[in-house]
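Good morning, colleagues. Please bring up the structure.

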Amino acid sequence: MTSYGDRRRERIDDLAAAASVDETPGVSLIASAWRRLRRDPIFLVGLAITVAFIILAVISPWIAPHDPASAPLLDKVRPQTNPVPGPEPGFPLGGDDRGRDLLSRLLVGSRQTLVVGVFATIFGLLGGMALGILAGSFGGAVDSIVMRIVDVMLSVPSLLLAFTIAALAARPGQTTLIIAIAIIQVPIFARLLRGSMLGQRASDHVLAARALGVKRRAIVFRHMLPNSMGPVIVQATLVLAIAIIDAAALSFLGLGSPDDRQPEWGQMLGRSQEFIYDHPHLAVYPALCIIVVALGFTLMGESMREALDPKTRR
Amino acid sequence: MSATMSLKDDATPSTGPLLSVEDLRVTFQRHGEKPFTAVDGVSFDVHPGQTVGLVGESGCGKSVTSLALMGLLPKRGNRVEGRATYEGTDLLSLSDKEMRDRRGRDIAMIFQDPLSSLNPVVSIGIQVTEVMERHQGMSRKDAMPRARDLLERVGIPDPNARLKNYPHQLSGGMRQRALIAMALACEPRLLIADEPTTALDVTIQAQILALLKELVQDTGTALIMITHDLGVVAGLCDEVNVLYAGRIVERGDRHRLFARPRHPYTHGLLSSIPRLDSPRGEKLTPITGSVSDNLPWTSACAFAPRCSHALDVCRQESPPWEWESDGRGLRCFNPVDPEEVRRG
Amino acid sequence: MADPRTSRTKAQAGDVLVDVRGLKVHFPIKRGVIFDRTVGHVYAVDGVDLQLRRGETYGLVGESGCGKSTLGRAILNLETPTEGTVLFDGEDIASLKGETLRRKRQHMQMVFQDPMSSLDPRQSVESLLVEGMRAHGLDTDKAATHARLRELLQAVGLPPAALQKYPHEFSGGQRQRIGIARALSVDPELIVADEPVSALDVSVQAQVLNLLEELQDEFGLTFLVVAHDLAVVRHISDRIGVMYLGGLVEESEAGELYDLPLHPYTRALMSAVPVPDPVLEDTREQILLTGDLPSPSRPPSGCRFHTRCPWRQPTRCDDERPQLRVVDVPGASEGHRVACHWVEAIASGDVDRHEVAAEYVGSGDATTPADDGSPFGPASVQEIG
């Protein structure tokens, strides 16, 4: 296996182990992590960015000054002399090459980003959980087979895998984008959940439930799964950041929605290439948005991960 | 062995104390939480060649006491008050650097978990010689044969080969021996052993205790033995201090203390543990409740809620430290009657 | 719930409830890059015969790595036995699987060492206690269940208000009481208690030991108590089995084991236990064992104890594994069995104690043979016998 895959596996396993190491899992683990997080400035910055982004994405259609699909500046576009209209009253960032308001497109674009990120993560989480539960609760041959598949997926760089999936899809679009990104998240969640479930499986309270004669289904869903979810939730916030960047990357390369009436940051970035020398602001604004939002999720996720990891405590 | 013991008992009072701990108080204050006094005015003396036991259950402050003496408590989040006079210097007032120079040279410590006290990526030989290089300025070449002798001294088989081993290649008992060898490297005059045998099996524990006993007798090192096991104390310590909730509640020569425990806590502990030599079928007399029932020492006896001898005064006033006629110290308003002990 | 009770009254106290024959539990040591290969075994339990009589407390004592906990779990089929049978009330537990095994668990329960980790932190006490009853169809009637819960709490000395609380709200001793109540909730006949007091503070241990004794009288339980503390085991048990490296070396009535320990290992173990009596500590003779417990993945040939035995003889000890047998020693009763070739000669003083040179054993971790010297680790070690 490649060292790339190894490194990713190690990182996932560390997080899975972090949750099971704690002497009193569950209640106090989350509680003690939260106590540390509350005073962590990095976490608070990440949280602020994330919350601001989510609020913005939800209310953007109402606060956007113009319809992002309409072209009020169309008559200002001069393909030969001035293809991109500059700022003017009512249009603080100016327009794009089709005369649409840039600010409105950036604002509404956050929506697309959020939708793709959230749905890709949810589907990835569900898929990963299904595999993880399968491997973690049955163990043995089932575990071996599932985990070998997962390892192979992890050893392929995730963006490359997403390209392949998106390019193979019948027609590009938002759904394809979500599915492609969801699939690359599946092995991460699967390995993570399986790791922490195996930790739970070896734990005394699961053995106690077995000794009591509790049915396997109840042991898995009532004891193992709820106690394994901590690291999965942390990973989900990290994955959201990755999903947003990956979605932007795929759209940038034209594998996203071909319909440009629905603005999307990556797609806007991609379209700005033509004008990058004369009008770099067309690229800078969407790129900044992507960076800031991804940073917000990453700061939040990383500090949560650190708070959960006993090795970094105190 | 009993002959040497009694000889030493007579010899101890004539010399001045090697270490004198006076009114040691350690308060932990974590951000946003109530301050917690882990050690609450502990005083005791250690004479050269003497073995002093600190006994108590988890949370009684015995380990915090040792860490405070060694200057090993974390820098932040706690306050250490009182004095610990070692040959005229107050250990608690020393700077970090001065304390580092003394640790390992004058005072050495043996911990409960030998694996985490040893560096996993450095061989045993290097770890033992390092102490000598640091404190005695020996070269590694000179120190190595001495390290070999030390390993042999603490009963590690085939010491030449073991010098090259890493901690994980040794068994628990061997690791503890290696740790003792490191502690002995600079011939310290005071050894602090914090639950040195708790992680070990009973037959290995017996080996380690025999080794410690022998070392104290041969080298004249003083030993502070910290443990929860009254049996370990009975065989090893000259003087026993029983701690409860951060204070010493009873102190005495081991023979007197075990034969006639006066504090209800000591008495309760002794009658609640099953003994190998007691008649079978005898019901144990447990101490009721748990440490969560404790009262604050400032206005009461902390043990009062769990005490079978508690009077009203025990819940209203803090019992003072008093010396009994037989040289025993006691912190109790209503101690157990010696006659009752004999019957019980 | 009525069924086991009536059968219990009918059954003679003292007849055999659990009959263990030739039980072996070997854990494979696996190594491999893609496919795991078995490179050896940890012989955790290696041929144990054991009978538990109805209503008695059997103490299993030994040092870490001797296989006592594994044996306790294997009897409950929580570890699958590699070989051998475990007859519980005449039915072989060792061969049971799936649903039949799960149903059988109602009759045999376990109490764990660490009361915190063995209780799911997300479950309230009520949910903890009801879970087992539900799994065995004992919670049909709401009112009856509630009455039963109160009865359980009362039996272990906890207030009814405890039902709504969570494990972290209790002290260590109280948590252990909850663990015991959970084991009782399905009205079992056998309880295997694995180090039931070793995680508790000294002052609380007696509370739990006394509780176990009371419960035995009240519910007619059979106990298998697994512990490393000889004093605890001696106090609570009727009979004691001493284990060393996967096998029983001595079995006797509890009082007699202390008065007349016969196996060299038992004698050493007994003399190593510290007693809180300075006079006794100073005067008694200690048999200090040299060296460490050999790795259970490479047990010595012949008598497992021969590498450390101060009475080892040039013949038989090294190559012939002694069986547990009734011995011909004055004072030893019928039920006193010892696995030693020379026990009679040792007891009569015909065989003298001698010095033993300590052997280097390496760390107890079976998966990393320390002196192997091979960069590939155990994968390159030849199959172990």
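By salt bridge I shall mean a side-chain nitrogen of Lys or Arg within 4 Å of a carboxyl oxygen of Asp or Glu. With that rule, three salt bridges are counted between chain C and chain B. Please bear in mind that this is a predicted model.

In one salt bridge, the side chain of E213(C) meets that of K283(B), with 3.7 Å from N to O. Across the interface of chain C and chain B there are also 13 residue pairs in polar contact.

Which elements of chain C each supply at least two residues of the side that touches chain B? They are α7 (202-219), α8 (230-236), α9 (254-259), α10 (264-272) and α11 (278-283). The largest share, nine residues, comes from α7(C). By type, the residues on this side of chain C divide into 24 nonpolar, 13 polar and 13 charged.

As to extent, the contact takes 50 residues from chain C and 51 residues from chain B. The two chains bury about 4400 Å² between them, 58% of it on carbon and sulfur atoms.

Is N77(C) buried or exposed? Its relative accessibility is 5%, so N77(C) counts as buried, the cut-off being under 20%.

A polar atom of the N77(C) side chain lies 3.0 Å from the backbone oxygen of I93(C). For the backbone oxygen of L96(C), the corresponding distance to a polar atom of that side chain is 3.5 Å. Beyond its neighbours within four places in sequence, N77(C) has contacts that include A94(C), L101(C) and R105(C).

Terms used
Residues numbered from 1 in each chain as written. Chains lettered and ligands numbered in written order. Predicted model: local features only at pLDDT ≥ 70, side-chain atom pairs only at ≥ 80, totals over all residues. Heavy atoms only, no water. Contact = heavy atoms within 4.5 Å. Buried area = accessible area lost by both parts, 1.4 Å probe. Polar contact = N/O pair within 3.5 Å; in protein donor to acceptor, adjacent residues only side chain to side chain. Helix = DSSP H or I, 4+ residues; strand = E, 2+ residues; numbered from the N terminus. Nonpolar A, V, L, I, M, F, W, Y, C, P; charged D, E, K, R; others polar. Buried < 20%, exposed > 50% of the residue type's maximum accessible area, 1.4 Å probe, protein only.
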